[in-house]
Amino acid sequence: QVQLVESGGGLVQAGGSLRLSCAASGRISSGRIISRYDMGWFRQAPGKEREFVAHITSSGGGSTNYADSVKDRFTISRENAKNMAYLQMNSLKPEDTAVYYCAAQFGPVYSRSPAAYGYWGQGTQVTVSS
């Protein structure tokens with residue numbers, strides 16, 4: 001099994017920055033290594049559904065895509081050698097307040113739905129004060 005552990009959340013004022021980290025460990029079935037998995041970040045605010053934030057591919061130089069609400073403010077990246085993924089969040093807004101989740105899925109992921117990912121971390125709280 002693969003485990004994902006997020007860290008780096010906290011309380012920050014509007015306009016500030018945070019960097020979330022996602023540490024991946026273990027091996028997925030058939031001997032595949034975590035670096036062959038697409039990685040994603042999602043968030044869930046109280047009373048709302050879990051929503052897509054960002055995605056990075058395992059191949060092709062790590063192509064990325066973002067939700068419109070975070071584009072140009074957030075940056076997703078990965079270090080395959082360290083089995084790590086990151087989410088750099090700048091110019092944070094109160095509406096970014098949520099629990100942020102790291103997710104992984106083998107092979108190319110073409111959907112922004114949470115159902116497209118099979119592995120999840122426990123989440124880390126991000127609170128942005130106004």
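This note sets out numbered points on the structure above.

1. Basis of the model. The model is predicted, and local features need pLDDT of at least 70, side-chain atom pairs count only at pLDDT 80 or more, and totals for chains, interfaces and linings use all residues. Residues are numbered from 1 along each chain as its sequence is written, and side-chain values use heavy atoms, with hydrogens and water left out.

2. The disulfide. The structure holds one disulfide, a term that here denotes a pair of cysteine sulfur atoms within 2.5 Å. The bond joins C22 to C102, with an S to S distance of 2.0 Å. It links distant parts of the chain, since C22 belongs to strand β3 (residues 18–26) and C102 to strand β9 (residues 98–106), 80 residues apart. Strands (E, at least two residues) and helices (H or I, at least four) are DSSP runs, numbered from the N terminus. The torsion about the S-S bond of C22 and C102 is about -75 degrees, and the disulfide is therefore left-handed. Both C22 and C102 are buried; buried means under 20% relative accessible area, exposed over 50%, and partly exposed in between, with a 1.4 Å probe and protein chains only.

3. The nonpolar core. In soluble globular proteins, nonpolar side chains tend to be buried together. A nonpolar core is defined as a set of buried Ala, Val, Leu, Ile, Met, Phe, Trp, Tyr and Cys residues joined through side-chain atoms within 4.5 Å. The largest such core has 35 residues, of which W41, L87, M89 and Y100 touch the most other members. Two or more residues come from each of β1 (2–7), β3, β4 (37–44), β5 (51–56), β7, β8, β9 and β11 (124–129). Strand β9 gives the most to this core, with five residues.

4. Contacts of L87. Contact means heavy atoms within 4.5 Å. With neighbours within four places in sequence left aside, L87 is in contact with L18, R19, L20, W41, V53, A54, F74, T75, I76 and Y100.

5. L18 and L92. L18 lies in strand β3 and is buried, with a relative accessible area of 16%. L92 is found in the loop between β8 and β9 and counts as buried at 2% relative accessibility. Leaving out residues up to four places away in sequence, L18 touches G8, G10, V12, L87, Q88, M89, L92 and V126. On the corresponding basis, the contacts of L92 are V12, A14, G15, G16, S17, L18, R73, F74 and V128. The C-alpha atoms of L92 and R73, 19 residues apart along the chain, are separated by 7.7 Å. For L18 and V53, 35 residues apart along the chain, the C-alpha separation is 15 Å.

6. S21. This residue also has its place in strand β3. S21 counts as buried, at 14% relative accessibility. Apart from neighbours within four places in sequence, S21 is in contact with V5, E6, S7, W41, M84, A85 and Y86.

7. The cavity. A search of the whole structure finds one cavity of 30 Å³ or more, and the largest cavity has a volume of about 50 Å³. On a 1 Å grid over the protein atoms alone, a cavity is a set of points where a 1.4 Å probe fits but cannot get out, and lining residues have an atom within 4 Å of a point. Grid points are joined across faces, edges and corners, and the volume is the space filled by probe spheres set on the points. The lining consists of A24, I34, M39, R78, E79, N80, N83, M84 and A85. The lining divides into five nonpolar, two polar and two charged residues; Ala, Val, Leu, Ile, Met, Phe, Trp, Tyr, Cys and Pro count as nonpolar, Asp, Glu, Lys and Arg as charged, and the others, Gly among them, as polar.

8. Positive phi angles. N83, one of the lining residues, has a positive phi of about 55 degrees although it is not a glycine. N83 sits in the loop between β7 and β8 and is partly exposed, with a relative accessible area of 28%. D72, also a residue other than glycine, has a positive phi near 75 degrees. D72 lies in the loop between β6 (64–66) and β7 and is exposed, with a relative accessible area of 79%.

Key: 1 Å grid on protein atoms, 1.4 Å probe; cavity = no way out; pocket = protein on both sides within 12 Å on 5 of 7 lines; lining within 4 Å.
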